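Please examine the sequence and the coordinates shown here before reading on. The paragraphs that follow lead through the structure step by step.

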Amino acid sequence: MFTITCPICGKRSQKEFRYGNEDLGPMPPRERLTPELYLEYIYSNGNRAGVQKEWWCHKQGCGSWFTVERDTLTNLQVNTGEKK
Amino acid sequence: MGAKLKCMWQDNSLQSSYDAVIIGGGIHGCATAYYLAKEQGMKNIALIERTCVGYGGSGRNTAIVRANQRTQANLRLHKEGLELWPVLTKELDFNLMFNQSGHLSLAHSESTIGAFRINVSSAQLSGVDCRFIDARECKELVPAINLSRDITHPVYGGIYSPPGGVLRHDAVMWALARGAAQHGAHIHEGVEVTGIDVSNNKITGVRTTRGKIKTPNVIVAAGGYSVQLADMVGIKLPVHPLTIQAMVTQPLKPFLDLALSSGAYDIYITQTLKGEIASGAHMDEAPNFTSAVTSLCLKHQAEMLTELLPCMKGARFMRIWAGLADMAPDMAPIVFGNDEIQGFYFNGAWGYYGFKSGPIVGKYMAQFVATGETPGHLEQFTNKRFAQFRYTGEKAIPAEIGPWN
């Protein structure tokens, strides 16, 4: 078990959060949206062994969505912005 | 002290070229090597493993086998797979300790019963022996079960599948690796793949920590790490590598003959021959490459086990461990090869089904590599299904789906 730092509520147990996949960038503009682009937007996971940028939702807290950078090899968050 | 232990397979030096290189010394990799060497006559093959044979998911699962999956594609594959274990025991001349004890999967709501009725019907249609039983029959099969209505998830019934059972996963690994080596495959442990060379959309070789290997065929069977190997050749897959935790209690008096699983309680348990209760939990939520175990999981398992099987109160957990599983969004495997990149074969995303399917998929993968054509049994698992927005529908028992919709 690890912790996630919510920008509003601070460092909390991961169990309070919902994982929302890696950050795959913004959705392509609707007028240019093709099936291939959409597919890439929802599916093209990098599955990095290392630091990845990802979305979390504090579902049992304030309910906000935010991105964090987490090392998938250690489950430790980097650059939380919190004082050590 | 005692006799010196000998390795069960020959130690060969790493050649500079092979006809095929299999990446991953787990059950899928070893089975592929075994069948390539034995049935397809490819003797000049290498199996590359980063740590040691069976170190990953193949040696960390709960070794339950069954054939009552949901979709036709999975059903026929797992049915053949289940029938393969006794054959392999003979063929490999190794006691795989296949205990065909039966498998009972519990339903905890009216809607799950509906989903189970579909499940049972499709399994029976594929010739798999399984039937729906009510709560009273569940109690007859497992007298320790708690039929009280006052528990979190009361038992409503279940799917009983007599051909299901449990094996010793280490024995399976050792036997397959030894079998592959006996038929001429080279097994290299402690070699890590650092890159895969492709030129003109053709596989030309593999770069490893012990030098380059020239080869026209690469088979990826690295479990949780498979996606990263696919990434090396530029193929992105909608897969999440997730940890699953499992644990084992102190030995108890025999009270559980069969493999028991419950989706609502998130447990699947067997009693080993030593009397320990081996219990598996659900997957972690966020993708990671650790093998971290959590106290929360232990607590959850303890609560769930003692509620469903009150006789386990007071029993102590002795060990807990975790392994990596790679999961696709539709819970079905991803198998493809020899299309965009000639000679590149991918066999992964087995999620919860990796151990059950190992040998049979190894057999078909060997056929795939030898002919270059996808065998019928694996066709549905292509990675193209995502582009066509056609999921396989293996998602474990969506309770809201029943004969009424």
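**A guided reading of the two chains**

Just after helix 5 of chain B, B:G184 adopts a positive phi of about 110°. The model in which this is seen is a predicted one. Helix 5 of chain B itself comprises residues 169–182, and its 14 residues reach 20 Å from the first C-alpha to the last, close to the 20 Å expected at 1.5 Å a residue.

How much of helix 5 of chain B is buried? The helix is mostly covered, with 10 of its 14 residues buried. Among them are B:H169, B:V172, B:M173, B:L176, B:R178 and B:A180. The cover over the buried residues of helix 5 includes helix 1 (27–38), strand 2 (45–49), strand 8 (186–189) and helix 8 (354–371) of chain B.

In soluble globular proteins, nonpolar side chains tend to be buried together. The largest nonpolar core here has 120 residues, and B:I23, B:C30, B:L176 and B:A180 are those with the most contacts inside it. Leaving aside residues up to four places away in sequence, B:C30 touches B:G25, B:L47, B:V53, B:M173, B:L176, B:A177 and B:A180. Another core, of 5 residues, lies apart from the largest one; A:I4, A:C6, A:W56 and A:V68 are among its members.

Helix 3 of chain B (residues 110–125) has 16 residues, which at 1.5 Å a residue should span 22 Å; its end C-alpha atoms are 23 Å apart, so the two values agree. On which side do its buried residues lie? The buried residues in helix 3 of chain B include B:T112, B:A115, B:F116, B:N119 and B:A123. Because these residues cover an arc of only 100° around the axis, they are on the same side of helix 3 of chain B. The face turned away from the buried side carries the exposed residues B:E110 and B:L125. Helix 2 (72–91), strand 4 (103–107), strand 5 (131–134) and strand 6 (157–161) of chain B are among the elements that cover the buried residues of helix 3. Just after helix 3 of chain B, B:G127 has a positive phi of about 85°.

Strand 4 of chain B, one of the elements covering helix 3, is itself mostly covered, as 5 of its 5 residues are buried. In a regular strand the side chains alternate between the two faces of the sheet. In strand 4 of chain B, B:H103, B:S105 and B:A107 point one way, while B:L104 and B:L106 point the other way, and all are buried. Strand 4 runs antiparallel to strand 6 of chain B, to which 5 bridges join it, and B:H103 stands opposite B:S161 in strand 6. Strand 4 runs parallel to strand 14 (residues 259–262) of chain B, with 4 bridges joining the two, and B:L104 stands opposite B:L260 in strand 14.

Chain A remains to be described. Chain A has 1 helix and 6 strands, arranged along the sequence in the pattern β-β-β-α-β-β-β. Its C-alpha atoms fill a box of roughly 45 × 30 × 20 Å along the principal axes. Of the 84 residues in chain A, 14% are buried. Among contacts in chain A between residues at least 6 apart in sequence, 52% join residues at least 24 apart.

The contact between the chains takes 15 residues from chain A and 19 residues from chain B. On the side of chain A that touches chain B, 6 residues are nonpolar, 8 are polar and 1 is charged.

Note on methods. Residues numbered from 1 in each chain as written. Chains lettered and ligands numbered in written order. Predicted model: local features only at pLDDT ≥ 70, side-chain atom pairs only at ≥ 80, totals over all residues. Contact = placed C-beta atoms within 7 Å. Nonpolar A, V, L, I, M, F, W, Y, C, P; charged D, E, K, R; others polar. Expected span 1.5 Å × (residues − 1). Buried ≥ 20, exposed ≤ 12 C-beta atoms within 10 Å, placed from the backbone. Arc of directions from axis to C-beta. Core = buried A, V, L, I, M, F, W, Y, C linked by C-beta atoms within 7 Å. Pairing = 2+ DSSP bridges.
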